[in-house]
Amino acid sequence: MKDKRNAGMGNERNKQWQVGILLFDHVDVLDYSGPYEVFSLTVWEAAQVPLLLMNRIAAEDKPFCVKTVSQDGQLVTAHNGLKIQPDYSFHDHPAFDITIIPGGPLNAVKSGKNNAELLQWIVSQHRCGSWVASICSGAIMLAEAGLLVNKQATTNAFAMDYLAEGYPSTEVVQNVRFVDNGDIFTSAGVSAGIDLSFHMVARLLGQEVARTTSLTIEYPYYEPN
(Lines give C-alpha, C1' and ligand atoms only; values in the text may rest on other atoms or scores of the structure.)
Protein backbone atom coordinates (compact mmCIF):
# COMPACT_ATOMS: atom_id res chain seq x y z
CA MET A 1 0.00 0.00 0.00
CA LYS A 2 1.29 3.45 -0.88
CA ASP A 3 2.23 5.98 1.79
CA LYS A 4 -0.98 7.97 2.04
CA ARG A 5 0.64 10.85 3.93
CA ASN A 6 1.78 12.47 0.68
CA ALA A 7 -0.94 11.15 -1.61
CA GLY A 8 -2.68 13.68 -3.80
CA MET A 9 -5.47 13.78 -6.31
CA GLY A 10 -3.24 14.30 -9.31
CA ASN A 11 -1.44 10.96 -9.35
CA GLU A 12 -4.05 8.89 -7.52
CA ARG A 13 -7.07 9.18 -9.82
CA ASN A 14 -7.16 5.43 -10.41
CA LYS A 15 -6.76 4.60 -6.71
CA GLN A 16 -9.67 3.44 -4.60
CA TRP A 17 -9.21 3.45 -0.84
CA GLN A 18 -10.87 0.73 1.21
CA VAL A 19 -12.56 2.11 4.34
CA GLY A 20 -13.59 -0.22 7.14
CA ILE A 21 -15.90 1.01 9.92
CA LEU A 22 -16.08 -1.00 13.13
CA LEU A 23 -19.52 -1.85 14.52
CA PHE A 24 -20.37 -3.22 17.95
CA ASP A 25 -23.43 -3.40 20.16
CA HIS A 26 -24.47 0.05 21.45
CA VAL A 27 -22.24 1.91 18.97
CA ASP A 28 -23.36 5.53 18.55
CA VAL A 29 -25.13 5.78 15.20
CA LEU A 30 -23.73 9.13 14.06
CA ASP A 31 -20.23 8.06 15.08
CA TYR A 32 -20.23 5.47 12.33
CA SER A 33 -22.81 6.87 9.90
CA GLY A 34 -21.25 10.34 9.66
CA PRO A 35 -17.92 9.04 8.32
CA TYR A 36 -19.82 6.44 6.25
CA GLU A 37 -21.68 9.21 4.43
CA VAL A 38 -18.65 11.47 3.97
CA PHE A 39 -16.52 8.79 2.35
CA SER A 40 -19.42 7.27 0.40
CA LEU A 41 -20.51 10.63 -1.04
CA THR A 42 -17.05 11.78 -2.08
CA VAL A 43 -16.35 11.97 -5.81
CA TRP A 44 -13.31 13.00 -7.78
CA GLU A 45 -14.75 16.27 -9.08
CA ALA A 46 -17.77 18.52 -8.52
CA ALA A 47 -19.21 17.74 -11.96
CA GLN A 48 -19.86 14.18 -10.78
CA VAL A 49 -22.13 15.18 -7.88
CA PRO A 50 -25.40 15.17 -9.89
CA LEU A 51 -24.54 11.71 -11.20
CA LEU A 52 -23.73 10.58 -7.67
CA LEU A 53 -27.08 11.79 -6.34
CA MET A 54 -28.86 9.95 -9.15
CA ASN A 55 -26.92 6.79 -8.30
CA ARG A 56 -25.29 6.78 -11.72
CA ILE A 57 -21.67 6.34 -10.65
CA ALA A 58 -20.43 2.79 -10.36
CA ALA A 59 -19.08 1.84 -6.94
CA GLU A 60 -15.67 1.03 -8.41
CA ASP A 61 -15.41 4.54 -9.89
CA LYS A 62 -15.61 6.29 -6.52
CA PRO A 63 -12.48 7.23 -4.53
CA PHE A 64 -13.64 5.25 -1.49
CA CYS A 65 -15.24 1.86 -0.97
CA VAL A 66 -16.84 1.87 2.48
CA LYS A 67 -17.69 -1.31 4.37
CA THR A 68 -18.68 -2.20 7.92
CA VAL A 69 -17.10 -4.89 10.07
CA SER A 70 -17.83 -6.41 13.47
CA GLN A 71 -16.11 -9.04 15.56
CA ASP A 72 -18.35 -11.91 14.47
CA GLY A 73 -20.17 -10.39 11.49
CA GLN A 74 -23.55 -10.85 13.19
CA LEU A 75 -26.36 -8.31 13.51
CA VAL A 76 -25.45 -5.35 15.72
CA THR A 77 -27.86 -3.32 17.86
CA ALA A 78 -26.69 0.28 17.99
CA HIS A 79 -27.32 2.75 20.79
CA ASN A 80 -31.05 3.50 20.92
CA GLY A 81 -31.96 0.28 19.14
CA LEU A 82 -31.04 0.63 15.44
CA LYS A 83 -30.26 -2.78 13.89
CA ILE A 84 -27.25 -2.96 11.56
CA GLN A 85 -25.96 -5.90 9.54
CA PRO A 86 -22.17 -5.65 9.14
CA ASP A 87 -20.59 -6.51 5.81
CA TYR A 88 -17.75 -8.53 7.32
CA SER A 89 -16.32 -10.12 10.44
CA PHE A 90 -12.75 -9.79 11.70
CA HIS A 91 -11.91 -13.00 9.87
CA ASP A 92 -13.16 -12.32 6.33
CA HIS A 93 -12.84 -8.61 5.57
CA PRO A 94 -10.57 -7.19 2.85
CA ALA A 95 -7.49 -5.14 3.67
CA PHE A 96 -8.48 -1.64 4.78
CA ASP A 97 -6.59 1.55 3.97
CA ILE A 98 -8.61 3.46 6.56
CA THR A 99 -10.11 1.95 9.72
CA ILE A 100 -12.71 3.90 11.69
CA ILE A 101 -13.31 3.11 15.38
CA PRO A 102 -16.55 4.76 16.57
CA GLY A 103 -17.55 5.29 20.17
CA GLY A 104 -20.63 4.71 22.22
CA PRO A 105 -21.89 4.95 25.80
CA LEU A 106 -19.16 4.43 28.37
CA ASN A 107 -20.33 0.91 29.25
CA ALA A 108 -20.01 -0.14 25.60
CA VAL A 109 -16.56 1.41 25.33
CA LYS A 110 -15.45 -0.25 28.56
CA SER A 111 -16.62 -3.56 27.12
CA GLY A 112 -14.52 -2.87 24.04
CA LYS A 113 -11.41 -1.96 26.01
CA ASN A 114 -11.68 -5.27 27.86
CA ASN A 115 -12.05 -7.26 24.63
CA ALA A 116 -8.61 -8.67 23.81
CA GLU A 117 -9.56 -9.81 20.31
CA LEU A 118 -10.98 -6.40 19.44
CA LEU A 119 -7.89 -4.57 20.70
CA GLN A 120 -5.60 -6.96 18.84
CA TRP A 121 -7.62 -6.37 15.68
CA ILE A 122 -7.26 -2.59 16.01
CA VAL A 123 -3.50 -2.94 16.46
CA SER A 124 -3.28 -5.28 13.48
CA GLN A 125 -5.00 -2.74 11.23
CA HIS A 126 -2.38 -0.12 12.06
CA ARG A 127 0.44 -2.62 11.78
CA CYS A 128 -0.75 -3.56 8.29
CA GLY A 129 -0.55 0.06 7.16
CA SER A 130 -4.10 1.28 7.65
CA TRP A 131 -4.82 4.74 8.91
CA VAL A 132 -6.72 4.31 12.19
CA ALA A 133 -9.21 6.95 13.30
CA SER A 134 -11.37 7.04 16.40
CA ILE A 135 -14.62 8.93 16.67
CA CYS A 136 -15.84 10.31 20.00
CA SER A 137 -15.21 7.90 22.89
CA GLY A 138 -13.64 5.40 20.49
CA ALA A 139 -10.38 7.09 21.47
CA ILE A 140 -10.48 5.08 24.70
CA MET A 141 -10.19 1.86 22.71
CA LEU A 142 -7.27 3.27 20.73
CA ALA A 143 -5.58 4.24 23.98
CA GLU A 144 -6.17 0.81 25.50
CA ALA A 145 -4.70 -0.75 22.34
CA GLY A 146 -1.54 1.30 22.88
CA LEU A 147 -1.89 3.45 19.77
CA LEU A 148 -2.01 6.78 21.63
CA VAL A 149 1.16 6.41 23.72
CA ASN A 150 3.10 9.70 23.59
CA LYS A 151 0.56 11.16 21.18
CA GLN A 152 -2.01 13.91 21.33
CA ALA A 153 -5.65 12.90 21.24
CA THR A 154 -9.13 14.24 21.75
CA THR A 155 -12.48 12.67 22.51
CA ASN A 156 -16.02 13.49 23.61
CA ALA A 157 -16.07 16.29 26.19
CA PHE A 158 -17.66 13.94 28.73
CA ALA A 159 -14.87 11.38 28.27
CA MET A 160 -11.90 13.78 28.49
CA ASP A 161 -11.17 13.13 32.16
CA TYR A 162 -11.54 9.38 31.74
CA LEU A 163 -9.02 9.38 28.88
CA ALA A 164 -6.57 11.71 30.63
CA GLU A 165 -6.66 9.90 33.97
CA GLY A 166 -6.58 6.40 32.53
CA TYR A 167 -3.85 7.01 29.95
CA PRO A 168 -1.36 9.58 31.31
CA SER A 169 1.08 8.99 28.42
CA THR A 170 -1.50 10.53 26.09
CA GLU A 171 -1.77 14.32 25.86
CA VAL A 172 -5.51 15.00 25.82
CA VAL A 173 -6.39 18.10 23.81
CA GLN A 174 -9.59 20.04 24.48
CA ASN A 175 -11.53 22.47 22.30
CA VAL A 176 -10.54 20.93 18.96
CA ARG A 177 -12.64 18.99 16.48
CA PHE A 178 -9.93 16.42 15.75
CA VAL A 179 -6.26 15.57 16.15
CA ASP A 180 -4.06 14.30 13.30
CA ASN A 181 -1.00 12.26 14.29
CA GLY A 182 -0.05 11.32 10.73
CA ASP A 183 -1.63 7.89 10.50
CA ILE A 184 -3.60 7.86 13.75
CA PHE A 185 -6.49 10.28 14.20
CA THR A 186 -8.98 11.08 16.95
CA SER A 187 -12.09 13.24 16.85
CA ALA A 188 -14.15 15.00 19.47
CA GLY A 189 -17.71 13.92 20.15
CA VAL A 190 -20.19 12.43 17.69
CA SER A 191 -20.63 14.99 14.87
CA ALA A 192 -16.91 15.86 14.99
CA GLY A 193 -16.34 12.56 13.19
CA ILE A 194 -17.75 14.27 10.09
CA ASP A 195 -15.13 17.03 10.38
CA LEU A 196 -12.38 14.46 10.79
CA SER A 197 -13.61 12.57 7.75
CA PHE A 198 -13.49 15.74 5.63
CA HIS A 199 -9.93 16.27 6.87
CA MET A 200 -8.92 12.76 5.86
CA VAL A 201 -10.49 13.23 2.43
CA ALA A 202 -8.53 16.49 2.10
CA ARG A 203 -5.31 14.76 3.10
CA LEU A 204 -5.78 12.23 0.30
CA LEU A 205 -7.55 14.18 -2.43
CA GLY A 206 -7.16 17.85 -1.59
CA GLN A 207 -9.34 20.45 0.08
CA GLU A 208 -11.35 21.21 -3.06
CA VAL A 209 -12.65 17.63 -3.10
CA ALA A 210 -13.40 17.76 0.63
CA ARG A 211 -15.30 21.03 0.20
CA THR A 212 -17.33 19.51 -2.61
CA THR A 213 -18.30 16.65 -0.29
CA SER A 214 -19.29 19.12 2.44
CA LEU A 215 -21.57 20.90 -0.04
CA THR A 216 -23.03 17.58 -1.14
CA ILE A 217 -24.09 16.67 2.38
CA GLU A 218 -24.78 20.31 3.34
CA TYR A 219 -22.51 20.28 6.37
CA PRO A 220 -20.02 23.12 7.08
CA TYR A 221 -16.43 22.42 6.11
CA TYR A 222 -14.21 22.93 9.15
CA GLU A 223 -10.64 24.09 8.58
CA PRO A 224 -8.49 24.16 11.73
CA ASN A 225 -6.22 27.14 12.28
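Modeller: A search of the whole structure finds 0 disulfides, a disulfide being a pair of cysteine sulfur atoms within 2.5 Å. The sulfur of Cys-65 lies 18 Å from the closest cysteine sulfur, that of Cys-128, which is too far for a bond. The model is predicted, so local features need pLDDT of at least 70 and side-chain atom pairs count only at pLDDT 80 or more, while totals for chains, interfaces and linings use all residues. Residues are numbered from 1 along each chain as its sequence is written, and side-chain values use heavy atoms, with hydrogens and water left out.

The sheet is open and mixed in its pairing, with 7 strands in the order β5-β2-β1-β6-β7-β11-β10. Strands (E, at least two residues) and helices (H or I, at least four) are DSSP runs, numbered from the N terminus; two strands pair if DSSP finds at least two bridges between them. At the edges stand β5 (88-89) and β10 (178-180), each pairing on one side only. The pairing of β2 with β5 is parallel, over 2 bridges, and Ser-70 has Ser-89 in β5 as its bridge partner.

Helix α4 (residues 116-127) packs on this sheet and touches β1 (17-22), β2, β6 (98-101), β7 (131-134) and β11 (184-187); contact means heavy atoms within 4.5 Å. The direction of α4 makes about 150° with that of β6. Helix α7 (residues 192-205) also packs on the sheet, touching β1, β2, β6, β7, β10 and β11, and its direction makes about 150° with that of β11. Axes are lines fitted to C-alpha atoms, for helices over the stretch in contact, and angles run from 0 to 180 degrees between N-to-C directions.

Helix α7 packs in turn with α8 (residues 207-217), at an angle of about 145° and with the axes 7 Å apart. On the α7 side the contact is made by Ile-194, Phe-198, Val-201, Ala-202 and Leu-205.

Leu-205 is also among the residues that Pro-63 touches, not counting residues up to four places away in sequence; Trp-17 and Val-43 are others. Pro-63 sits in the loop between α2 (49-53) and β2 (64-70). Pro-63 is buried, with a relative accessible area of 0%; buried means under 20%, exposed over 50%, and partly exposed in between (1.4 Å probe, protein chains only). Although 20 residues apart in sequence, Pro-63 and Val-43 are 6.2 Å apart in space, C-alpha to C-alpha.
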